[in-house]
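Dear colleague,

I am passing the structure below on to you, together with a short account of what was found in it. Please read the notes with the model open beside them.

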Amino acid sequence: MSSRKFLLAANWKMNPPPAAALENAHGDRSKNPYHPHADIDVVVFPTFLDLQRCIDAGLIVGAQCGHPEATGAHTGDVSMAMLKTAGCRYVLCGHSERRKDHHETDADVAAQAIAALEQKIHPIICIGETLEEREKGQAQIIVKRQLKGLPLESDVTIAYEPVWAIGTGKTATPAQAQEMHAFIRSHLPEDRRESTRILYGGSMKAENAEALLKQKDIDGGLIGGASLKPEEFGKIVEVAERLSAFHLLHP
Ligand code: PGA
């Protein structure tokens with residue numbers, strides 16, 4: 001039996017939390033899809049400024065990025081150590097928007113993941129090729145390069161996010177995603193190969209969640225746009241809950 005419980009990660013990017021996510025903190029939690037669930041893991045990634053109110057509302061939170069050094073002259077940054085103190089249990093490392101907007105390199109991403117592990121924060125490490133790289137037939141080469149140097153022998157999660165599918169409405173087909181997930185899994189250290197979760201990200205929504213989550217090597221989703229819409233996100237949560245027992249039994 002697999003230990004790869006589905007993980008749905010709601011990446012809210014530079015947007016306020018949906019009002020519905022902050023409701024029912026002490027009421028009926030089953031009415032709020034963003035709240036912790038029994039059979040699947042649901043984690044939200046608000047801006048730094050919204051972390052505390054999400055924690056107060058009973059949500060499991062992660063940060064969208066973190067600096068590897070504990071303190072120092074890094075204007076605008078927040079360290080993994082600080083995120084730990086603030087109550088973050090997860091952190092995204094190397095999201096493609098960070099790689100693009102803030103020029104984060106593979107080495108930076110690896111340093112972030114190592115620092116997160118040292119603070120006992122679970123890193124979700126994002127990798128994925130651009131459209132140009134895919135069209136040149138280089139998708140696997142890029143992903144392999146991005147995996148190199150990562151602390152894959154530790155308890156981490158990988159998020160495969162083809163850059164061309166992020167926020168574009170274009171999703172990788174389930175077969176394309178499965179092929180890359182299997183490729184990624186084959187490059188994990190042997191003793192971590194079956195236990196490491198690999199999430200898919202890039203225009204995952206209610207409409208395509210079932211086909212994607214049915215793939216054997218897809219262990220959840222890193223969801224941007226659709227996670228800001230409570231009803232849409234609720235439907236993805238329902239799909240994951242429904243498929244969860246099957247996924248655990250058929251790794
Ligand atoms: P999207 O974003 O679901 O809006 O494509 C995913 C992500 O960037 O993590």
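A pocket, in the sense used here, is an open set of grid points with protein on both sides within 12 Å along at least five of seven lines, and a molecule sits in a pocket if more than half of its atoms lie within 2 Å of its grid points. In this model, which is predicted, the ligand sits in the second largest pocket.

Around the ligand there are 13 residues, of which Lys13, His95, Glu161, Gly167 and Ser203 are the closest; by type, the shell divides into 4 nonpolar, 7 polar and 2 charged residues. A polar side-chain atom of His95 lies 2.7 Å from an oxygen atom of the ligand, while Gly167 places a backbone N or O atom 2.7 Å from a ligand oxygen, and a backbone N or O atom of Gly225 lies 2.8 Å from an oxygen atom of the ligand. Taken alone, the ligand exposes 280 Å², and the protein buries 95% of that.

Elsewhere, the structure holds 16 salt bridges, one of which joins Asp219 to Arg4, with their closest N and O atoms 2.9 Å apart. This pair links distant parts of the chain, 215 residues apart, since Asp219 belongs to the loop between helix 8 (206-213) and strand 8 (220-223), and Arg4 to the segment before strand 1 (7-11).

How values were computed
Residues are numbered from 1 along each chain as its sequence is written. This is a predicted model: local features need pLDDT of at least 70, side-chain atom pairs count only at pLDDT 80 or more; totals for chains, interfaces and linings use all residues. Side-chain values use heavy atoms; hydrogens and water are left out. A residue is near a molecule or strand if one of its heavy atoms lies within 4 Å of it. A polar contact is a pair of N or O atoms within 3.5 Å; within protein, one must be able to donate a hydrogen and the other to accept it, and residues adjacent in sequence count only if both atoms are side-chain atoms. Accessible areas come from the Shrake-Rupley method with a 1.4 Å probe; for residues, only the protein chains shown count as cover. On a 1 Å grid over the protein atoms alone, a cavity is a set of points where a 1.4 Å probe fits but cannot get out, and a pocket is an open set with protein on both sides within 12 Å along at least five of seven lines; lining residues have an atom within 4 Å of a point. Ala, Val, Leu, Ile, Met, Phe, Trp, Tyr, Cys and Pro count as nonpolar, Asp, Glu, Lys and Arg as charged, and the others, Gly among them, as polar. A salt bridge is a side-chain nitrogen of Lys or Arg within 4 Å of a carboxyl oxygen of Asp or Glu. Helices (H or I, at least four residues) and strands (E, at least two) are DSSP runs, numbered from the N terminus.
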